[in-house]
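Please keep the sequence and the structure in view while reading.

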Amino acid sequence: MPLNNSSPANSVKSDPPAGRKPATFHGIGVSAGIVIGHALLIGRAYPEVTEGAIAPTAVAAEVTRYQDAITLSRHQLIELKQRVLEALGEKDAGIFDAHLMLLNDRAITSEVEQEIAAGHRNAEGVFHRVMERHMSALQGVENPYIRDRLVDIRDVTGRVLRNLRGDAPTDLTHLSDPRILIAPDLSPSETAAMDKVNVIGFVTAIGSQTSHTAIMARSMGIPAVVGARDALDQVNSGDLVILDGFRGLLIAHPDPDQLEDYQRRLKAQEVWFHNLEAEATLPAETLDGFRVQLAANIELAEDVDGIKRSYGVGVGLFRTEYLFLNHAVLPDEDCQFEAYRRAAEEIYPQSVIIRTLDIGGDKFLSHLNLPQELNPFLGVRAIRFCLSRPDIFLQQLRAILRASAHGKVRLLFPMVATMEELDQALVLLDRARRELDTRGLDYNHHLDIGIMIEVPAAVMIADRLAAKVDFFSIGTNDLIQYSLAADRSNPAINYLYQPTHPAIIRFLQQTSQAATQNGIWVSVCGEMASDPILAPLILGLGIQELSMNPRAIAQVKRLIRHMRMIEAEELVRQALQRDTAAEIRTLCEAFVHRVAPDLLGS
Ligand code: PEP
Ligand code: MG
């Protein structure tokens with residue numbers, strides 16, 4: 001039973017509510033593992049309401065309070081519609097038009113306002129009563145269109161009531177008991193801030209393997225399924241559910257046989273993972289004596305704790321944007337310096353590769369009020385954003401340089417597509433050095449500089465780029481998205497996430513050759529590096545380092561310890577003769593089946 005995450009020890013008694021049949025929802029398993037627990041629906045709860053009297057003098061304020069709640073609801077829906085439109089398209093976003101129409105319904109608004117004023121009643125009570133009246137008029141109607149309208153009215157009513165009550169959106173940072181979240185979407189920043197103990201799994205309607213929310217789930221070791229839209233409408237908070245992150249399933253109201261089966265799988269998962277972890281600190285050396293460099297990807301400075309101790313590796317990718325995401329204001333130079341210094345000191349004598357800010361795409365800084373883009377993944381993202389905001393960029397460069405005096409730090413620029421971008425970044429880096437010189441602050445004058453190779457254009461000029469840097473780090477998540485023109489957060493085109501597409505193998509080969517010819521080293525830090533089935537292929541291409549979600553290290557290490565490099569090189573020769581991603585994947589699976597069959601799953 002291969003897995004890349006730990007298994008929360010959870011045992012839940014069978015309590016399917018009488019009359020509820022088991023229901024299975026299919027999505028994409030993006031973070032392996034099984035959990036059994038109770039669901040918590042986000043973004044759909046319907047609050048309790050009490051109607052009461054208000055003083056005649058309070059009527060005007062109460063009407064304003066009601067109008068403000070409507071305005072806030074309208075803004076929330078417009079924002080939600082935009083997010084769904086970008087991720088799922090017009091059809092799914094259309095549902096919000098129905099909600100917005102209801103909010104804009106003048107007849108309802110004046111009915112509520114009049115009843116507040118005439119009856120001296122509170123806004124929640126009146127609004128709830130008016131909406132219930134509309135709903136009961138539709139209840140019992142067989143027509144499916146009318147039934148859908150009922151769901152819409154209920155959703156909008158719940159939203160306005162929550163806003164009237166000033167309910168904070170469900171606080172995912174603190175849950176009172178263990179829950180499996182079910183949500184339309186979770187942003188990478190929401191995922192990063194989740195209660196790491198009580199959120200034991202999650203299911204969303206949006207996302208795919210390499211969306212940053214999925215990457216975050218894997219690093220946190222939380223089993224997750226994305227793209228399971230139907231679950232959202234058919235599961236309720238409190239329902240008993242089984243989440244199977246291996247197979248991409250959510251089972252609601254499991255019957256006793258299903259529960260027993262999954263309890264057994266859960267036990268097997270724990271034993272398998274425990275055995276694997278015991279090997280985590282053994283050297284990553286092939287049977288024919290090649291030492292492979294393994295490293296961990298981290299999102300937060302504190303993630304570094306225990307990585308060296310548990311796995312004996314350094315950090316191959318520190319995604320610094322997460323430092324910026326959950327803050328009301330931008331972290332200043334000193335605050336960033338502390339985080340980078342902490343990581344550098346903790347991981348020493350191993351090194352940490354600190355990547356400069358990669359926002360844009362699916363990671364936004366709301367407090368910067370950046371203009372909305374039609375295609376954020378093709379927009380002002382990563383190095384493009386940094387070059388457009390030298391103030392923010394220089395601050396980060398100074399902080400990283402300062403941290404370089406406290407350990408083995410390397411610097412990495414994301415999403416470089418042109419030589420000019422690299423040149424401009426290097427000019428700004430020089431300026432940051434001079435600013436520190438003026439302030440008399442110390443830094444490593446021989447800091448290694450690398451770039452991410454994640455845009456096809458960069459692969460094609462890798463031989464030129466290599467002359468100006470010390471290393472390459474291949475970001476396969478973006479390289480695949482940009483090569484196959486397939487948005488990495490859109491579940492509808494998830495089938496185009498093809499790490500073994502012949503074009504990708506050739507891009508990896510070309511990058512590796514450009515690096516070797518220029519005497520620089522190259523790593524892969526995209527999710528591809530954490531798939532033990534693909535590791536032989538990457539290593540056979542001459543790539544020296546694999547940087548991955550720490551929880552995948554033990555599996556990849558086991559694979560490396562059972563293979564020979566000479567056979568991996570032969571695998572590459574065969575792969576380069578194939579036409580399709582599926583054919584190359586089959587070759588890779590056959591390889592792993594031969595050397596470490598247990599990694600292929602039960
Ligand atoms: C990548 O694109 O492969 C990568 C590692 O960067 P990110 O996933 O943060 O875009
Ligand atoms: Mg990337």
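In which loop does Pro 349 lie? In this predicted model, Pro 349 belongs to the loop between helix H12 (333–347) and strand E11 (351–355).

**Backbone geometry**
- The peptide bond that joins Tyr 348 and Pro 349 is cis, with omega at about 10°.
- Ala 382, a residue other than glycine, has a positive phi, near 55°, and lies in the loop between E11 and helix H13 (383–388).

**Polar contacts of ligand 1**
- Arg 319 places a polar side-chain atom 2.7 Å from an oxygen atom of ligand 1, and for Arg 488 the distance from a polar side-chain atom to an oxygen atom of the ligand is likewise given as 2.7 Å.
- In the side chain of Arg 355, an N or O atom is 2.9 Å from an oxygen atom of ligand 1.
- Of the 290 Å² of accessible area that ligand 1 has on its own, the protein covers 100%.

**Position and shell of ligand 1**
- Ligand 1 sits in the largest cavity, and the elements that each give two or more residues to the shell around it are helix H7 (212–220), strand E10 (314–319) and helix H18 (476–483).
- Among these elements, H18 gives the most to the shell, with three residues.
- The ligand is surrounded by 17 residues, of which the closest are Arg 319, Gly 475, Asn 477, Asp 478 and Arg 488.
- By residue class, the shell around ligand 1 divides into eight charged, five polar and four nonpolar residues.
- Because domain 3 (290–453) and domain 4 (475–602) both give residues to the shell around ligand 1, the ligand lies between these two domains.

Conventions. Residues numbered from 1 in each chain as written. Chains lettered and ligands numbered in written order. Predicted model: local features only at pLDDT ≥ 70, side-chain atom pairs only at ≥ 80, totals over all residues. Heavy atoms only, no water. Near = heavy atom within 4 Å. Polar contact = N/O pair within 3.5 Å; in protein donor to acceptor, adjacent residues only side chain to side chain. Areas by Shrake-Rupley, 256 points an atom, 1.4 Å probe, with all protein chains shown as cover. 1 Å grid on protein atoms, 1.4 Å probe; cavity = no way out; pocket = protein on both sides within 12 Å on 5 of 7 lines; lining within 4 Å. Sits in = over half its atoms within 2 Å of the grid points. Helix = DSSP H or I, 4+ residues; strand = E, 2+ residues; numbered from the N terminus. Nonpolar A, V, L, I, M, F, W, Y, C, P; charged D, E, K, R; others polar. Domains from an automatic or database assignment.
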